[in-house]
Amino acid sequence: MARQLFAELRILKKYLLNGISICPSNKLFAIERRNTFSKCMRTISCRFHNSRASQNIFLNFENSRVIIFKRWIHSSKSSKSFTGQEPKAASAATIANVISTFPPLEKPKEKDTETLVNQHEPLQDSSIVNYKPLPESTLSHILKSYKELSKAKLAALVILTTMGGYALSPGSTSLMCLLGTSVGTGLCVASANAINQWIEFPYDAQMSRTRNRVLVRRALTPFHAFAFGTISGISGLIVLSMMANSLTALMGVTNILLYTCIYTPMKRASILNTWVGSIVGAIPPMMGWVASTNNLDPGCWLLGGILYAWQFPHFNSLAWNLRADYSKAGYRMMAVTNPALNARVALRYSLLLFPWSYMIPYMGMTSWWFAFDSTLVNSVLLWGSYKFWRNSNDKTARDCFFASLIHLPVIFALMMLHKRYQSGENLDVPDK
């Protein structure tokens with residue numbers, strides 16, 4: 001039975017092209033299936049898109065036979081709103097070939113037909129799709145869209161690491177410099193996130209996690225998002241150069257270019273994108289240090305090293321539960337192409353956090369009590385990474401991810417608690 005079924009499915013291969021993905025049946029078809037056909041049927045709903053139109057194909061398995069229900073979901077009005085022109089219908093030869101390949105639908109039983117007719121919810125015309133209208137362009141709506149476009153929660157975490165780098169530096173005495181560095185870094189992060197979504201919104205539409213982003217749901221136009229990213233990036237660099245120093249501004253523009261021009265396209269080309277993305281995450285605390293000292297001291301590199309190593313258990317455990325989405329969108333992540341390597345890399349860099357942490361009191365940045373406290377904190381993340389490596393599943397991935405979320409603020413808090421330089425006395429603070 002299975003062999004015959006797969007033989008019949010091969011005939012459909014030439015029709016199921018251009019990004020096939022499995023999705024649940026829509027409400028209308030679910031009602032028809034429940035009331036018209038036998039409950040023992042198995043149903044798979046496949047949605048695919050091509051350059052001419054969009055279709056839904058429903059494959060029903062019963063006695064090794066494939067019955068195709070074909071339904072156009074684009075009306076002329078809705079298609080014109082997206083493409084600016086009238087939709088083109090499929091050729092008569094294509095429809096005839098599909099229909100002639102498979103037997104016609106059997107007539108439903110009389111009692112099933114009565115059940116379908118007497119249902120409470122009426123069936124709608126399947127040839128028309130009612131799209132949700134665009135919201136009004138009010139000030140509150142635009143501000144909310146900007147907040148989503150800049151990924152405010154992620155930006156807040158990056159700003160906190162920047163402030164931590166500034167606070168741990170030996171010359172951290174100027175409140176205005178700290179404020180300017182935080183604002184400038186936040187604008188740079190907003191710029192990178194906005195341009196990233198502007199590049200990736202066709203792929204975001206294919207992923208469950210990202211299909212509700214502002215560009216996918218048309219809350220903002222792509223030009224609007226690109227303009228916002230460009231203006232916020234330029235503003236952030238101006239703030240950093242004026243309130244901090246030119247070296248901090250140079251690091252800010254480097255981070256924007258790394259994220260948008262290298263990391264973003266590499267996500268669809270090579271698993272090395274994770275290493276590039278970790279560099280992007282390691283630069284913000286270094287920017288905080290440089291804003292205070294105007295130098296790339298060894299302590300600055302140590303902070304960047306801790307953030308660099310932390311990225312791998314954090315992101316690799318997150319990517320494990322999102323690997324199906326990444327696969328549909330064509331992203332080459334370790335969790336998709338090599339799951340075993342994904343877990344091993346998370347474990348390796350969790351181990352690397354121990355020597356990086358011991359180097360901080362050795363360099364005189366903190367007291368040696370930090371070596372003891374950091375061992376306890378790093379051990380929690382190491383244990384989560386070890387369980388994820390031994391048995392990679394959704395639960396161990398979530399445990400490792402949440403351990404990484406707790407690890408980062410705690411390790412920075414401990415560094416500030418055991419900091420040796422409590423003030424900027426007897427230190428030459430460079431001019432801003």
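The side chains of D394 and R323 form a salt bridge, with N and O 3.9 Å apart. This pair links distant parts of the chain. D394 sits in helix α17 (residues 394-417), R323 in helix α13 (residues 323-329), and 71 residues separate them. The model is a predicted one. The N to O distance of 3.9 Å still counts because the cut-off for a salt bridge is within 4 Å. Both partners are partly exposed: D394 has a relative accessible area of 38%, and R323 stands at 29%.

K395 pairs with D399 in a salt bridge, and their closest N and O atoms are 3.1 Å apart. K395 is exposed, at 52% relative accessible area. That label follows because exposed means over 50%. D399 is partly exposed, at 29%. The pair is also part of a network: salt bridges that share partners join K387, K395 and D399.

Now move to another part of the chain. R217 forms a salt bridge with E148, and the closest N and O atoms are 3.0 Å apart. Again the pair links distant parts of the chain. R217 lies in the loop between α8 (175-204) and α9 (222-243). E148 belongs to helix α6 (residues 139-149), and the two are 69 residues apart. R217 has 37% relative accessibility and counts as partly exposed. E148, at 28%, is partly exposed too. Side chains of opposite charge can pair when their charged atoms come close. In this model the salt bridges number seven.

Next, the interior. Nonpolar side chains tend to be buried together in soluble globular proteins. The largest nonpolar core here has 43 residues. Within this core, I360, F412 and M415 touch the most other members. Several helices contribute: α8, α10 (246-266), α11 (273-293), α12 (298-321), α15 (339-362), α16 (369-390) and α17 each give two or more residues.

Methods
Residues numbered from 1 in each chain as written. Predicted model: local features only at pLDDT ≥ 70, side-chain atom pairs only at ≥ 80, totals over all residues. Heavy atoms only, no water. Helix = DSSP H or I, 4+ residues; strand = E, 2+ residues; numbered from the N terminus. Buried < 20%, exposed > 50% of the residue type's maximum accessible area, 1.4 Å probe, protein only. Core = buried A, V, L, I, M, F, W, Y, C linked by side-chain atoms within 4.5 Å.
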